[in-house]
Every structure is written in C-alpha cells, then in structure tokens.
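Work through these exercises with the model open. Each task is followed by its solution.

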Amino acid sequence: MSNSNFVDLSSDDDETGVSNSVSPTPISRQFWKAGNYKSAQSQGRKAGNKNQQNHMRIHPMFLHSNATSHKWAFGGIAELLDNAVDEIQNGATYVSIDKSSTPWDGKPALLIQDDGGGMDPEAIRRCISFGFTDKISKLTIGQYGNGFKTSSMRLGADVMVFSRHRSLTQSVGLLSYTFLSRMGYDEILVPMVDYEFNISSRTYQPLLQHGKQQFSSNLTMMLQWSPYSTEEELLKQFDDIGPHGTKIVIYSLWLNDDGDMELDFNSDPKDICINGGKTSQKSKPIFYHHVANQFQFSLRVYASILYWRLPKYFKIILRGRVVEHYNIALDLKFHEIIKYRPQTYGNMKSELTTDIGFLKEAPHVNIHGFCIYHRNRLILPFCRALKTMTNSTGQGVVGVLEANHIQPTHNKQDFEKTPLFQKLEDRLRQMTLEYWHLHCELIGYPKLKTNHRIELDHQESPSSRTRNCLYQPESLDHGSQNESSGASLNAVGFFEDSEVTTLEVSSGGLGKSTDIHKVRNQEGLIVKRKDLDSPVSLQHAKRHIQHYTEQPDSTVVSEKIKLMQTNKRLRSQLSEKEKTVEELNLKAQQLRSEQESLRLEFTQMLLEAKLLEGNSIDFF
C-alpha cells in the first residue's frame, strides 16, 4: 500500500509490535475526556513500514482530536448520510440508520447501510486514509476526504466497514481507537481483509494481494478487537448487503458528561435522540413541537430537513421507518421569492433564489432565521439574520436558500467566515427587515404611525449592502395600496453598480406616486430618481428605509393575501416540475448503472457456461 498514511498489520510481530499484552489503562468512555492517550514506545510498539520513503506517520491521538470538529453528534451522522446520498449516482435507492448490538456484550451500536455501488479494495483504503477524495463532481456533497474518520470517531471509539463492490470483491476494515490506545501504538494501524468471488465454488475466497501471512495477521487482529470472534461470523455481516453496498457498524459509543450514552435509543423506538438535549417542555407547546426546536435532539426531524431535494425513489430509513422529507419553503405563508446576485471574484452570473415568508404558526411562535443549504445539504438551520430583535421585528420570518458560492467548514455545520459570507449575512438581514416592515400587518402587527427608520450597521461597506444584489419580490402590487393612502411613501431600489436610491415623497407632492411601485412590479427594479416625473424631495436620501405611516385598508390586505397565495401555489407547481426533471435525470443515471451491473452479471454467467462446457472463453 504505497503512498499510504495508514498501514496494514503485517505478520512480523517484531516489526509491527503485535503482541498479546494490553495497556492496563483503558480510554475514557466520555468523548471529551478520551484524548488522554499514552503511547507505549518504551514497550517497542511501533508500526513498521517497508516503504519508509512513502510513509507519513499519524499518531492515533489525531483520530480523537480530528473528531472534535463535530461538537454535535448528529453532525457526525449527517456526514455518513452524505456518503450514502452521494451514492445515488451509483444506483443507491436507500440508506438505513438503525440500532444494533455487539455480540460479545450486547451493548448498543449504530448501524448505517446503503445499497450504493460499494467500494473495491483500493477504494476502501482511500476511504479510511486521511485527506483523500475522488469526489470531484459538483453534484456530490463530500469534498475534503475527511468525513468518514471525523464522523465515525465522533460517535464511537471503534468502527467496522463492510463493503461489497460490483467487481465481485468484498472488503472489511477496522478503525479502532480502543485497539490503538490499549496496545499503545504510536501511529495508526488499520487491519483490513479482502475477498473475491470464486465462480467455480460460487463463494468468496481470500484475496491475497500482499501474501497469506499478512492476510492472516490482519484477520487475527480484527477478530481480537472487533465484536465478531470468528471469520464465519465476520462474513455473515455481508448476508443482508446484497450484490453491492456498504455497511458501517460503530460501537463503543461515547458517553456524555453525565455518564449517559450520547445517543438515546430508548425514548422513542422509531427515532434516535440526543440524550439530555431536549428543550424543557415548560416552553410553549407550539415551540417545543416545531421543527426549528425538534431538529436539535431528534434525528428523524433533522434528517427530514437535511437535504433540500431528494429523488422520490431514494429513501432515508430510520429504525425501520421512512423519514418523510420536509421542505420548509413550501410551508410558508405570504411567500415571496427574492433573487440575489453575489459577485464572486468579479463574476456576477450566479444567482441565488431565496424563499422567504412567515411560518404558518406566526405570530404565535418566536422563531426566525434562514436555512442555508450548500450543494443540497443543510449547513446552517434557522440561522438568525437579526441578532437582536426589538419590538418583535422579524418574528416568524423564515427563509430558505442554497448558497453554492460560499464554502462550508470541514464539519459542514457552518460556513467559512469570508467576505462573501459576511455579504450574504448583510443581505439576509436587509431582506428580513424589508419583508417584515412591508408585511407585518398580515399577521397582526400594526404599522408604525410615525416615521421609523431602520439604520443600517455603520460597519457595513456600501458594497456589502448594495453591489451584487438584485432584489425582486414576486407578484406584489403595492400600487393600489399607495393610491388609498395619504401617507408619506418610501421605495428602495438595489442596483448592481452599488447605487442605493431612497426616495421620500411627501403627501403634498405625490402626483402619480403609484407609478413608482408599478415600475418596480413590471420591470423588477425601481427607476433612478432622474426618470421620475413626480416632485421628489431628496434631502433625507440616506442609506436607510422609510416605511408607511398609515394602515392599509382591509380590501388591499385581502387582495395582497390572495396574490401571495397564488404566487405560492405557482411556485410550488414550478418546484414540483423541477423536481420531476431532476428525478428523471437521476433515474436515467440509475438505469445506466443497472445496465452496467447486468452486463457484468451476464459476463459472469457466460464465463460459467463456458467453463461448464469446457470451451475456450472469448471476452467481449
């Protein structure tokens, strides 16, 4: 295994340090205390490597320190689900998450399994090595080649991987922090064994790529430190995998600071929860049961919003029950679509579409924020755009968007704090404020009767607030509202050349004031001040937003509600059409994958037939 940053155990005890002696001090079962690792260098436990010039030594303590990037156990599970979702392009139709138990002591284990293409011997070694990834497609979620190690080690001290590939091979790997710490190794050792299908016997036989002795040494250590004591019991784990797929078994699950298991399998037989993570039920029931609260401790709820889009044929199965996908954007009332064009290194071709609206429970629930996805994967759930909310401003306003122009952190629980992300935060804050002050009366909050200005943060640069942005709400006709109101009026236009024009029109000089908003609805942008015919006072044209001072009449509000409901219905229909197109493309890709699988099966059957006939074999 050249150019590897882990080593297989070889058969030479003197070289690998394989010994029956065990360090008397076990690791702490609490994750945040498990990093106290002592190597047994004085006992000579150093892993040898015949190709020293190609070997990079990584200390086992790195397994724990690397896993601390996941502060939240569900973040680790999400990484493993990402790997399964990436296998959709290889024909995967499901991923299953369930509770298992270890045969030796009956303690709980976490099992994650998919029916994707599986991994051949080389691929499974790349999976368990560090910093390697062959996922270069823009459609895949994984990018850094670090997800499996950080996630599995965050959930438990030990993990086994079983994978069967279409090339008629199957492999088993053991990554065990317990094994390494108890034996006192000073670098990471990963026992692995491979098998290949024997056509004549129709069974899987050992694949001796590195010799029989190395295979035997790897198998011996695997059986000693895994939950399976015999090779027969080990291979039995492939029985439910099928012709191809991958199974991950994580055991020695971590405990929390109170000494309880982090993952709670007992509170709900159809769910996996965070032990001690539930919000006090003394809070309002409408908040306690809302997805914005439940996702923090319920894996079923978190998995339901983890991906923005999934093909209908792909299922996430949690403890034997399918997780129902939940699209937050389709559950908003008074729904608007806002388009935002970020400038990425001088390129303004990308365009973000943000769904924004009020939660259906508003104003009875104090929830606010944006669910920000990246490459279809939820990175920030209900991220607050308004850090402080005064006079209920922003309450109930929720948005959803997919931001592929910014990069997530390695644990996929946040974004890199770059200028691009800061500009996005600024834009989402402005969207929230404008949406609230235009529509708060729809959920029972009155308009302010005196001019109320929202001063923008003095630390913001003009470019972060205005340049690169095209704000374009859909299907809202404010014109009729303005005609029936004698109040002073304000309109804000966002221009790509970083100009912001704030227009204050007094009631005495309105003239054809409704034209201002008609231009916005028909053209998508407010015209610049030199194009307006009405007398305009610009002495207060600062970078702020001035809002109406009069309540709109009930007729206008009713009409607005109807238009927004129509807009939501049309948007939903468009979303369904887009999902259908995407599913058809994925289905075509799956059929091509199945065709390749059938071709391989046909080749295998043809080979068997030729062998039975004793004829020469012609491959095609």
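**Exercise 1.** In what order do the nine strands of the open sheet lie?

The model is predicted: local features need pLDDT of at least 70, side-chain atom pairs count only at pLDDT 80 or more, and totals for chains, interfaces and linings use all residues. Residues are numbered from 1 along each chain as its sequence is written, and side-chain values use heavy atoms, without hydrogens and water.

*Solution.* Start with the elements: helices (H or I, at least four residues) and strands (E, at least two) are DSSP runs, numbered from the N terminus. Strands pair if DSSP finds at least two bridges between them. The order is then β6-β5-β4-β3-β7-β2-β1-β10-β11, with mixed pairing. Now check the edges. β6 (203–206) and β11 (321–322) each have a single partner strand, so one side of each lacks a neighbour in the sheet.

**Exercise 2.** Find how β3 and β4 are joined, then the helix that packs there.

*Solution.* β3 (residues 156–165) and β4 (residues 169–176) run antiparallel, joined by eight bridges. Contact means heavy atoms within 4.5 Å. Axes are lines fitted to C-alpha atoms, for helices over the stretch in contact; angles run from 0 to 180 degrees between N-to-C directions.

**Exercise 3.** Which residues touch the most other members of the largest nonpolar core?

*Solution.* Such a core joins buried (under 20% relative accessible area, 1.4 Å probe, protein chains only) Ala, Val, Leu, Ile, Met, Phe, Trp, Tyr and Cys residues through side-chain atoms within 4.5 Å. Among its 101 residues, L110 and L263 touch the most other members. Helix α3 (residues 73–86) gives the largest share, eight residues.

Technical notes:
Buried < 20%, exposed > 50% of the residue type's maximum accessible area, 1.4 Å probe, protein only.
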